[in-house]
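Subject: A structure for you to look at

Hello,

I am passing on a structure that you have not worked with before. Please have a look at it first, and then read the notes below.

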Amino acid sequence: MIIIYETQLLFEAQWVQNELTAAGMKVHISGEFLGGAVGDLPPTDAMIKVWLYEEQHEQRARQIIEKLEASRKTAGPDKPCLQCGELLSPHFERCWQCDTWRTDI
Ligand SMILES: [Zn+2]
């Protein structure tokens, strides 16, 4: 098992997890409960990690993550969720806060 992605934002970790799972890979997120304790921990321990179980998929997983990051950079401005007002990046089809599907994109 290897760490394929690290972030301080849970939704980013979940986003990577969703994409890799959809591509048929087995992944696991760790550190998602550390959010409230960031000040007590060294920065590297505060990161949320996405683990890839099968190392033979590493190259494909990294390509998928690269594409995700590229698509985020070229996406438009963030927009609030129509349901709860949470600010969402344009590439999200669903609000990570209230799970509402977006109709404005
Ligand atoms: Zn919402």
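Let me begin with a term that is needed further down: a crossing of two helices is called right-handed if the near helix is turned clockwise from the far one by less than a right angle, and left-handed if it is turned anticlockwise. Please also keep in mind that this is a predicted model.

First, the overall layout. The protein has 2 helices and 5 strands. Read from the N terminus, its elements follow the order β-α-β-β-α-β-β. Of the 105 residues in the protein, 12% are buried. If you take the contacts between residues at least 6 apart in sequence, 46% of them join residues at least 24 apart.

Now to the two helices, where the term from above comes in. Helix 1 and helix 2 cross in a right-handed way. On the helix 1 side, the contact is made by Trp15, Val16, Glu19 and Leu20, and on the helix 2 side by Ala61, Ile64, Ile65 and Leu68. Sorted by class, this contact of helix 1 with helix 2 has 7 nonpolar residues, 1 charged residue and no polar ones. The axes of helix 1 and helix 2 are 10 Å apart, and the angle between the two helices is about 130°.

In soluble globular proteins, nonpolar side chains tend to be buried together. The largest nonpolar core here has 11 residues, namely Ile4, Tyr5, Ala13, Trp15, Val16, Leu20, Val27, Ile48, Val50, Leu52 and Ala61. At least two residues of this core come from each of strand 1 (2–7), helix 1 (10–22) and strand 3 (48–52). Helix 1 gives the largest share of the core, with 4 residues.

Beyond its neighbours within four places in sequence, Leu52 is in contact with Met1, Ile2, Ile4, Met25, Val27, His57, Glu58 and Ala61. Glu58 belongs to helix 2 (residues 58–74). Is Glu58 exposed or partly exposed? Glu58 has 13 C-beta neighbours inside 10 Å, so Glu58 counts as partly exposed. Leaving aside neighbours within four places in sequence, Glu58 is in contact with Ile2, Ile4 and Leu52. Glu58 and Met25 are 33 residues apart in sequence, and their C-alpha atoms are 9.6 Å apart in space.

Back on helix 1, you will find Gln14. Gln14 counts as partly exposed because it has 16 C-beta neighbours inside 10 Å. The C-alpha atoms of Gln14 and Ile29 are separated by 7.7 Å, with the two residues 15 apart along the chain.

Finally, a few places towards the end of the chain. Leu82 sits in the loop between strand 4 (79–80) and strand 5. With 14 other C-beta atoms within 10 Å, Leu82 is partly exposed. From Leu82 to Thr100 the C-alpha distance is 8.5 Å, and these residues are 18 apart in sequence. Asp99 lies in the segment after strand 5 (87–88). The phi of Asp99 is positive, near 70°, in a residue other than glycine. Asp99 and Cys84 are 15 residues apart in sequence, and 9.7 Å apart from C-alpha to C-alpha.

Terms used: Residues numbered from 1 in each chain as written. Predicted model: local features only at pLDDT ≥ 70, side-chain atom pairs only at ≥ 80, totals over all residues. Core = buried A, V, L, I, M, F, W, Y, C linked by C-beta atoms within 7 Å. Buried ≥ 20, exposed ≤ 12 C-beta atoms within 10 Å, placed from the backbone. Contact = placed C-beta atoms within 7 Å. Axes fitted to C-alpha atoms, helices over the stretch in contact; angles between N-to-C directions. Nonpolar A, V, L, I, M, F, W, Y, C, P; charged D, E, K, R; others polar.
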